[in-house]
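Dear colleague,

I am handing over the structure we spoke about, and it is shown just below.

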Amino acid sequence: MALSNAVLFPHSLLPLYIFEQRYREMLSHTLDGDRMFSVALIKRGIEEAKGIEDLCRVAGVGLIRACVGNENGTSNLILQGLVRVRLLGLAQEKPFRVARVELVKSELGNQIEAEALSTKVLELCARIEEIGVPLPPNLMDHLRQLESPEILSDVVSAAFVTEPFQRQQLLEAHEVCDRLRLLIQLLRSQAG
């Protein structure tokens with residue numbers, strides 16, 4: 001699914017409204033199969049993706065956790081992010097796109113550095129909460145319980161970063177310490 005304003009992170013949820021005919025067909029096919037599909041961000045300055053060259057090459061793959069069909073044929077769904085993938089090319093274009101992909105694995109890097117960066121991320125999240133930015137209930141409690149710097153970086157990126165191309169930068173950072181450093185820069189601008 002090519003979108004101009006959405007990035008799907010592993011370990012996060014993305015609500016989607018499906019209304020275009022090709023995506024209705026994709027959803028039907030997906031629900032009959034493994035219930036998974038990818039979400040790719042359309043590159044900056046492109047109105048509608050005509051081919052794979054119009055998409056950012058790193059995308060998120062998610063599992064449909066809930067789907068409600070509406071009387072008019074549209075659907076509302078919740079997609080749970082599972083992994084990052086790199087788009088290699090298209091295996092099919094009609095009636096909906098099917099991409100050939102490869103898994104993009106995160107690399108932790110230095111464990112001690114990752115833990116220190118994670119602590120800083122949590123401090124900045126708490127500061128953002130203190131200045132009155134509305135957050136989902138119990139989000140901070142959930143973040144404090146996460147032991148994995150990789151999962152923390154993805155959950156915080158999904159919850160705190162709203163600009164699509166900043167989110168895409170975070171998705172493309174496969175090294176966890178690099179991702180956490182970038183996340184700290186973005187959170188500092190919000191925390192003041």
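A residue is called buried when its relative accessible area is under 20%, exposed when that area is over 50%, and partly exposed in between. Please keep in mind throughout that this is a predicted model.

To begin with the overall fold, the protein chain contains six helices and six strands, which follow one another along the sequence in the pattern β-β-α-β-β-β-β-α-α-α-α-α. The C-alpha trace spans about 45 × 35 × 30 Å along its principal axes, and the radius of gyration is 17 Å, which agrees with the value near 16 Å that a compact globule of 192 residues would have. Of those 192 residues, 44% count as buried, and among the contacts with a separation of 6 or more, 63% are between residues 24 or more positions apart. The chain exposes about 10,200 Å², of which carbon and sulfur atoms supply 50%.

Turning to charge, there are 21 positive and 25 negative side chains, and the centres of the two sets lie 3 Å apart. Side chains of opposite charge can pair when their charged atoms come close, and a search of the whole structure finds eight salt bridges.

One of them joins Glu 102 to Arg 86, with 3.0 Å between the closest N and O atoms; this pair links distant parts of the chain, since Glu 102 belongs to strand S6 (residues 98-104) and Arg 86 to strand S5 (residues 75-92), 16 residues apart. Glu 102 is partly exposed at 34% relative accessibility, and Arg 86 is partly exposed at 33%.

Another salt bridge brings together the side chains of Arg 181 and Glu 113, at 2.3 Å from N to O. Here the partners lie 68 residues apart, Arg 181 in helix H6 (residues 176-191) and Glu 113 in helix H2 (residues 111-130), and they too link distant parts of the chain. Because its relative accessibility of 34% falls between the two cut-offs, Glu 113 counts as partly exposed, and Arg 181, at 33%, is also partly exposed.

Within helix H2, Glu 123 and Lys 120 are separated by about one helical turn because they are three residues apart, and they form a salt bridge in which the closest N and O atoms are 3.6 Å apart. Finally, salt bridges that share partners join Arg 84, Asp 154 and Arg 179 into one network.

Definitions and conventions. Residues are numbered from 1 along each chain as its sequence is written. This is a predicted model: local features need pLDDT of at least 70, side-chain atom pairs count only at pLDDT 80 or more; totals for chains, interfaces and linings use all residues. Side-chain values use heavy atoms; hydrogens and water are left out. A salt bridge is a side-chain nitrogen of Lys or Arg within 4 Å of a carboxyl oxygen of Asp or Glu. Helices (H or I, at least four residues) and strands (E, at least two) are DSSP runs, numbered from the N terminus. Buried means under 20% relative accessible area, exposed over 50%, partly exposed in between (1.4 Å probe, protein chains only). The radius of gyration is taken over C-alpha atoms; the globule rule is 2.2 Å times the number of residues to the power 0.38. Contact means heavy atoms within 4.5 Å. Accessible areas come from the Shrake-Rupley method with a 1.4 Å probe; for residues, only the protein chains shown count as cover. Lys and Arg count as positive and Asp and Glu as negative; His and the chain ends are not counted. The place of a charge is taken as NZ of Lys, CZ of Arg, CG of Asp or CD of Glu.
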